[in-house]
Amino acid sequence: MRLLSIIFLCAALSGCLSIPQNVAPVDGFELNKYLGKWYEIARLDHSFERGLDNVTAEYFLRDDGGVRVINKGFSTTENKWKEAEGKAYFVSDPQQGFLKVSFFGPFYGAYIVFELDKEDYQYTFVTSYDKSYLWLLARTPVVSEELRDRFMQRAAELGFATDKLIFPKQD
């Protein structure tokens, strides 16, 4: 029975590092260009970000070669900033936009960059282990309508619920 529990736990945890069907991490990923501040332009709703505006994600290089992650957003209902710190590591190839990120001890979830402005690193489309997670991040708090439309079209083609997207305020 104990072995079965261990097998189930390992299967459940590895499921959080899977890649959703039809989604592929970008190749040619350069971590040093990705580091820094990103503004959240759009997301699918999840409890850990519910009600937050002015959401940002900042990425810094860790001494161990991983990435320090600082997610921050303002809760208007509570009138205060909320912040979460995590860590991320490449799942395999450091030139592929496929990392595992943890905000809760030994538990990791997939962080999959499936589209990226590879020239200037000005925007990125990100998901996780299933299609209930989706973000459009950008280096600026406002993006062009053309980029938003492209994000919506690409996400819809891949089967994400674009009708449920949230566009948080960035002011």
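T162 sits at 18% relative accessibility, so this residue counts as buried (buried is under 20% relative accessible area, exposed over 50% and partly exposed in between, with a 1.4 Å probe and protein chains only). T162 is found in the loop between α3 and β9. Leaving aside residues up to four places away in sequence, T162 touches M152, A155 and A156, where contact means heavy atoms within 4.5 Å.

A quick word on what you're looking at: this is a predicted model, where local features need pLDDT of at least 70 and side-chain atom pairs count only at pLDDT 80 or more, while totals for chains, interfaces and linings use all residues. Residues are numbered from 1 along each chain as its sequence is written, and side-chain values use heavy atoms, with hydrogens and water left out.

Which residues of α3 are buried, and which exposed ones does the face turned away from them carry?

| Group in α3 | Residues |
|---|---|
| Buried | L147, F151, A155 |
| Exposed, on the face turned away | E145, E146, Q153, E157 |

The buried residues of α3 pack against β1 (36-44), β7 (123-127), β8 (134-138) and β9 (165-166). Just after α3, G159 takes a positive phi of about 95°.

Terms used: Helices (H or I, at least four residues) and strands (E, at least two) are DSSP runs, numbered from the N terminus.
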